[in-house]
Amino acid sequence: MLKRHLLLLVVASLCFTSLAYALRVLLGSPQTAVFLVALIVQLPACGGTFPVSMLNAFYQGLAVISPMRYSVDAFRVAISGGNPAVYWGSVGVLAGIAVVASHGQWRALAALDFNIGDVWMVLASLLYAGY
C-alpha cells in the first residue's frame, strides 16, 4: 500500500513539475501566473468535490485533459481501494504527461535547484504517505 502511495507521489510530482518547466521554457517569467490560473481552473474539473458527470460541459471537457483529475482518481484508489485499472491507468497518463511536457529531457528536471521549502515539502509528503 505504501509503495503505491509513494509511486503516485513521485509520478504526480514529476507530472506537475514537467508542466511547470515546459511553461517556463515556453513563456518565461509569466509562467507562474499562467500555471497558477491553470491549477485553479483544474480544481472544479478534477472530480475531487463533485463527480465529473455533475459538472457543466466546460468542466467535463476540461476534466479529460486535466492532470489533476488523474491524480485525484489515482489517490482515491490508493487511499480507499477500488479498481486497480483506474490507479494504473491514471499513473500511466500522469507519466505520459511528464514525458511529453519535459520532451523526454529528464536531466533538465534533475538539474532543477531545490530550496529548503522544497525539501520540507518532500519530507512532509513522505511522512504523510507513511502515515
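This passage describes the fold, the surface and two residues of a predicted model. Local features are given where pLDDT is at least 70 and side-chain atom pairs where pLDDT is 80 or more, whereas totals for chains, interfaces and linings use all residues. Residues are numbered from 1 along each chain as its sequence is written, and side-chain values use heavy atoms, with hydrogens and water left out.

The chain contains 7 helices and 0 strands, where helices (H or I, at least four residues) and strands (E, at least two) are DSSP runs numbered from the N terminus; the order of elements is accordingly α-α-α-α-α-α-α. Among contacts (heavy atoms within 4.5 Å) with a separation of 6 or more, 61% join residues 24 or more positions apart. Of the 131 residues, 31% are buried, a term denoting under 20% relative accessible area, with exposed meaning over 50% and partly exposed in between (1.4 Å probe, protein chains only).

Ser-18, in helix 1 (residues 2–27), is buried, its relative accessible area being 0%. The Ser-18 side chain lies 2.7 Å from the backbone oxygen of Leu-14.

The accessible surface of the chain (Shrake-Rupley method, 1.4 Å probe; for residues, only the protein chains shown count as cover) amounts to about 8300 Å², and carbon and sulfur atoms contribute 72% of that area. Ile-116, Val-119, Trp-120, Leu-123 and Leu-127 form a nonpolar surface patch of about 540 Å²; such patches comprise residues with over 30% relative accessible area and no salt bridge, nonpolar side chains (Val, Leu, Ile, Met, Phe, Trp, Tyr) being joined within 5 Å and like charges within 9 Å. A salt bridge places a side-chain nitrogen of Lys or Arg within 4 Å of a carboxyl oxygen of Asp or Glu. Ile-116 belongs to helix 7 (residues 116–130) and is exposed, at 58% relative accessibility.

Note on methods: Polar contact = N/O pair within 3.5 Å; in protein donor to acceptor, adjacent residues only side chain to side chain.
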